[in-house]
Amino acid sequence: MAQVVEEKEAGAKGAERVTFVTILRNRNFRNLWLGQIVSQVGDYFAFLAIMVVVSGFSEDPASVTGNVSGVMIALTLPRLLFGVLAGIFVDRWDRRRTMIVSDMLRMALTLGMIPAFMSKNLLLMYALAFAMSTVGAFFNPAKGALIPNLVPTEHLMSANALSQTSMTMAFFVGPALAGSTFALVGNGNQWIAFVIDSVSFLVSALALLAITMPRKSAITTNSEIENPKSELSKVLEELRVGLKALLLSRTMATLTVVFAVTMLGVGALNVLWVAFLKVNLGFTNESELAWRFSIIDIAFFAGMAIASVAVGNFLSHLAPKWFVVWGLILAGIATVPLGYLPDYWLIVAVMFLVGLFVAPINTGSSTLMQIVVPNSQLGRVGGGIGTVTEVASITSMGLAGVLGATLGIPLVFSISGVTLVIAGALAWIALPNLTLKDKVEEEASADAFIPMEQAANVA
């Protein structure tokens, strides 16, 4: 009788509509979320601060461009070089401890930028930026893998949407805080920005310390008992398992291809926006160009924030596949005519719509990955997808200038929109229609991967 009552209570609890309020009642997730708001604001604060500081190392326009490009490369390369490797170690280590150490290291590296700024040591700034991005490559997969440990399965969609909302808030607050700080402290005192940024990492680490991890039995594999391996062979074996999870799972293989196609299109947009505003719309004055570009960013991220709130509070019961499918298709349709629109404010309105469609893609794909990949492998699988995405993005950015010059920027925008629609159609055809009820159970062995689609109802 007691068992029946418990089952009824569990069913009633599962039928309850999950909202952000539901998620934030979870103390552990609340600590993670609050810490990440501060940390992500610090990330974007640091990004803008580094750009501004490095651009001030020279008065020559060509040198300024080269300096900023060098920083961009230093920040991007670690995600490309170490994404999969970082994911392997994230799966081997305690995720919460990994994030705390990452925050503390980034705090120290940020403070190290103060003497680099004072001495205008460009190479040291490059090295510190590279190191910060390398440490950050461990933080993000750990965060994605930690969320399923902190919330019940039925809360995953809302938790991911709330996490997406905090990232969107950081896009707003980080650059604004950096710009305000620079204005207040005046030229020559930009080092104060690095002090503020270091504090953000400290706050994040303290929030993570307040998290109480659920007690789970450690997974010990038979191979470890019968045939102890060297550390290197273990890492290589775990890499093999991660790649197997990435390639043999229908869901993960599809998501990998979908995001590769998506970033081949989107990467070019990121590079060509400034040129589009200057050449096609005639905003050649630097101050006007800056605020017009910022308005477009604000519209885009406002759309993302609204969509994330809607998904997390009212649509979390839907299958995550459809967030990916319709997000890509609708964002693509909105992007196709973007370069040919004659009015700046109409472009701003369309970018709001694009942001509205993009946010559900991120939430849906994160949830799908958490459904089909055992938690012990989430770090390396997430790192693998990140590496593929970075390769596609860098390839697209490298081709953007050539394509823009030969085909024209408006046509490149249209091609980018078409690639998004193609990616959405591919997701529609190939992604299984899984729900949170299909979430894979942790394998008895951490060095095994069986595609859960073989057992789940994917109709």
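1. K120 counts as exposed, at 51% relative accessibility (buried means under 20% relative accessible area, exposed over 50% and partly exposed in between, with a 1.4 Å probe and protein chains only). K120 sits in the loop between α5 (95-118) and α6 (122-150); helices (H or I, at least four residues) and strands (E, at least two) are DSSP runs, numbered from the N terminus. The phi of K120 is positive, near 50°, in a residue other than glycine.

2. Basis of the note. The model is predicted: local features need pLDDT of at least 70 and side-chain atom pairs count only at pLDDT 80 or more, whereas totals for chains, interfaces and linings use all residues. Residues are numbered from 1 along each chain as its sequence is written, and side-chain values use heavy atoms, with hydrogens and water left out.

3. Overall content. The secondary structure comes to 16 helices and zero strands. Of the 459 residues of the protein, 50% count as buried. Contact means heavy atoms within 4.5 Å; among contacts between residues at least 6 apart in sequence, 86% join residues at least 24 apart.

4. Helix α5, which K120 follows. At 1.5 Å a residue, the 24 residues of α5 should span 34 Å, and the end C-alpha atoms are 36 Å apart, which agrees. The expected span is 1.5 Å times one less than the number of residues in the helix. D94 caps the N-terminal end of α5, with a side-chain oxygen 3.2 Å from the backbone nitrogen of R96. A polar contact of this kind is a pair of N or O atoms within 3.5 Å; within protein, one must be able to donate a hydrogen and the other to accept it, and residues adjacent in sequence count only if both atoms are side-chain atoms.

5. Helix α6. Because 21 of the 29 residues of α6 are buried, the helix is largely enclosed by the rest of the structure.

6. S133 as a case within α6. S133 is found in helix α6 and is buried, with a relative accessible area of 9%. Leaving aside neighbours within four places in sequence, S133 is in contact with A74, L75, P78 and R79.

7. Nonpolar cores. A nonpolar core is a set of buried Ala, Val, Leu, Ile, Met, Phe, Trp, Tyr and Cys residues joined through side-chain atoms within 4.5 Å. The largest such core has 82 residues, of which F29, L32 and W273 touch the most other members. Helix α14 (residues 344-372) gives the most to this core, with 13 residues. A second, separate core of 25 residues includes M51, I114, A116 and L128.

8. Surroundings of F29. Beyond its neighbours within four places in sequence, F29 is in contact with I23, I147, L150, V151, A159 and L162.

9. Aromatic pairs. Rings of Phe, Tyr and Trp (its six-membered ring) pair if their centres lie within 6.5 Å; planes under 30 degrees apart count as stacked, over 60 as edge-to-face and the rest as tilted. By this rule there are six aromatic pairs. One of them is tilted: F276 and F413, at 5.1 Å centre to centre with 40° between the planes. This pair links distant parts of the chain, since F276 is in helix α11 (residues 250-280) and F413 in helix α16 (residues 409-430), 137 residues apart. Both F276 and F413 are buried.

10. Further aromatic groups. F300 and F301 form an edge-to-face pair, 5.2 Å centre to centre and with 70° between the planes. F300 counts as buried at 17% relative accessibility, and F301 counts as buried at 9%. W322, W326 and W428 form one aromatic cluster.

11. Charge over a ring. R106 lies over the face of F139, at 4.5 Å from the ring centre. The rule asks that NZ of Lys or CZ of Arg be within 6 Å of the ring centre and within 35 degrees of the ring normal.

12. M167 in helix α7 (residues 156-185). M167 is partly exposed, with a relative accessible area of 23%. M167 and V41 are 126 residues apart in sequence and 8.0 Å apart in space, C-alpha to C-alpha. Leaving aside neighbours within four places in sequence, M167 is in contact with Q40, Y44 and M304.
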